[in-house]
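Hi,

Here is the model I promised to pass on.

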Amino acid sequence: MSNENLVAPELAAIDIQGISRGSFIMRGAVAAGAVYGLGAVSPFVRQALAQEGGGDVEILNFALTLEYLEAAFYTQALKQTKGLSGDVRSLAKEIRDNENEHVGALMSTIKDLGGTPVKAPGVDFGNAFATQKSFLKLAQTFEDTGVSAYNGAAPAIKSKDVLAAAGSIVQIEARHAAAIRLLNGQPISDGGFDKSLDMQAVLDAVKPFVKS
Amino acid sequence: MSTISDERGEAARPAMQELAEDPSSRKRFLSMMGGAGAASAFAIFLAACGGDDEEQSSSTSTMKKEKKKPVAGGDLAIVQYALTLEHLETDFYNAVIDAGIIKNKSLGKIAVMIRDNEQEHVDALTATVEKLGGKPMRPKTNFDAVLEGGPKMVLETAATVENLGAAAYLGQAGRIESKEVLAAALAIHSIEARHAAALNTVVGRTIVPDGAFAKPASMAEVLPQVKPFLA
């Protein structure tokens, strides 16, 4: 895949952990292919590499996938985790509702841009809901990863409107992360700056929980 | 990094001063920020950042005439604004910690942790301002009124300031031109959001006062709210 096919050729020169953006998208797509099956990946790649304005749609679909995962995670947690305390239960509900709203907003934004929202992935959270403690532990991972995913993807967003939307969502993810960390007795952040993760790193992090 | 080194060499402060002194450009700026009644807040903001105005304004006019550089506005002004807010926050937590107002041990730990984060933000933004060719802003602050209000008022104020800080960063994100500056602002933005949620929890507010989508705040909305803390 040559750089001429990129929707944002000027970004091709930007190295993302030592690889060009073009191959970065391909690597992400290949990883996504392994996760979702090729049917889901073909439109993903086409939007990312061929379509005008596809860059933002690609990022939004990536974000949508994460929000699907989070929404499913809290929905299942509320049903399956035994002995959730009142505080934890009401926080989990609030977060679940937020994630569902993010899913809805991202889907309509993708459609507004002429793209096709990806389908919700199958999920398997293993033994995460065995106890409140195990639920909160994985919740922290999801929220911190979500923050880093948005922070990593946002500078590549071209539309000011899409950037504003992503910003208003990542702030909420960060708030979730802090609240969960307080419940876990953890510091509310790891230092003064949230890490950013590229798509590949994020896909690797969530891969264990995705089933086609 | 070469993209943010020299091209926008003028300091934001002179650019802001130009706005404060020139009614027509001030009007344009304020309408751009969409704020009515922001003029006075802006003047106070500038006064609070004062120190050596003469030197700055004279060097500005020289630079403008001789070098005809583009007006720095943009990223440098935004980073200066962020730096001012971070100084304010750092000063606040230092004042709170020095006064020994928070007796609760775990709350005290949170205050120290947040203070350390804010100091890191000050350091990073100071370096960014210098890299952009500006002179870092340093407001004079005063939190006596809050400290006198006792621990509850201190925590309530901390929560308010953090929510405002998060909204302030969100309000600037779309205006930042440099990808590097944007990435840095985002890395700080989500930390302010974490602080806000933690302090909201401490004072019994919801962690998401705006619901599922955080609302941005413009300079015109933020400045009047920090005015009481500027000496």
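Ala165(A) counts as buried, because it has 20 C-beta neighbours inside 10 Å; the cut-offs are 20 or more other C-beta atoms within 10 Å of a residue's own for buried, 12 or fewer for exposed, and partly exposed in between, with C-beta atoms placed from the backbone. This alanine sits in helix α7 of chain A (helices are DSSP runs of H or I with at least four residues, strands are runs of E with at least two, and both are numbered from the N terminus). Leaving aside neighbours within four places in sequence, Ala165(A) is in contact with Ala105(A) and Thr109(A), where contact means that the C-beta atoms, placed from the backbone, lie within 7 Å. Leu106(A) is 59 residues from Ala165(A) in sequence, yet their C-alpha atoms are 8.6 Å apart.

Before you go further: this is a predicted model, in which local features need pLDDT of at least 70, side-chain atom pairs count only at pLDDT 80 or more, and totals for chains, interfaces and linings use all residues. Residues are numbered from 1 along each chain as its sequence is written, chains are lettered from A and ligands numbered from 1 in the order in which they are written.

On confidence, the complex gets an ipTM of 0.77 and a pTM of 0.76 from the predictor. Chain B has a mean pLDDT of 79, with 68% of its residues at 70 or more (pLDDT is the predictor's confidence in each residue, from 0 to 100). Watch residues 1-72 of chain B, where the pLDDT is below 50, although the stretch has 91 contacts in the model beyond near neighbours in sequence. Where pLDDT is low, the predicted coordinates should not be read in detail.

Now the chains. Chain A has eight helices and two strands, in the order α-α-α-α-α-β-α-α-α-β. Of its 212 residues, 50% are buried. Among contacts in chain A with a separation of 6 or more, 72% join residues 24 or more positions apart. Chain B has 10 helices and zero strands, and 46% of its 231 residues are buried. For chain B, residues 24 or more positions apart make up 81% of the contacts with a separation of 6 or more.

How do the two chains meet? In total, 30 residues of chain A are in contact with 30 residues of chain B. On the chain A side, α5 (86-112), α6 (132-153) and α7 (160-183) each supply at least two residues, and the largest share, 15 residues, comes from α7(A). That side divides into 16 nonpolar, nine polar and five charged residues (Ala, Val, Leu, Ile, Met, Phe, Trp, Tyr, Cys and Pro count as nonpolar, Asp, Glu, Lys and Arg as charged, and the others, Gly among them, as polar).

The largest nonpolar core has 113 residues, and those with the most contacts inside it include Ala63(A), Tyr150(A), Ala166(A) and Val79(B). Such a core is a set of buried Ala, Val, Leu, Ile, Met, Phe, Trp, Tyr and Cys residues joined through C-beta atoms within 7 Å. Neighbours within four places aside, Tyr150(A) is in contact with Ala63(A), Ala166(A), Ile169(A), Val170(A) and Glu173(A).

Finally, α8(B) is mostly covered, with 17 of its 24 residues buried.

Cheers

How values were computed
Contact = placed C-beta atoms within 7 Å.
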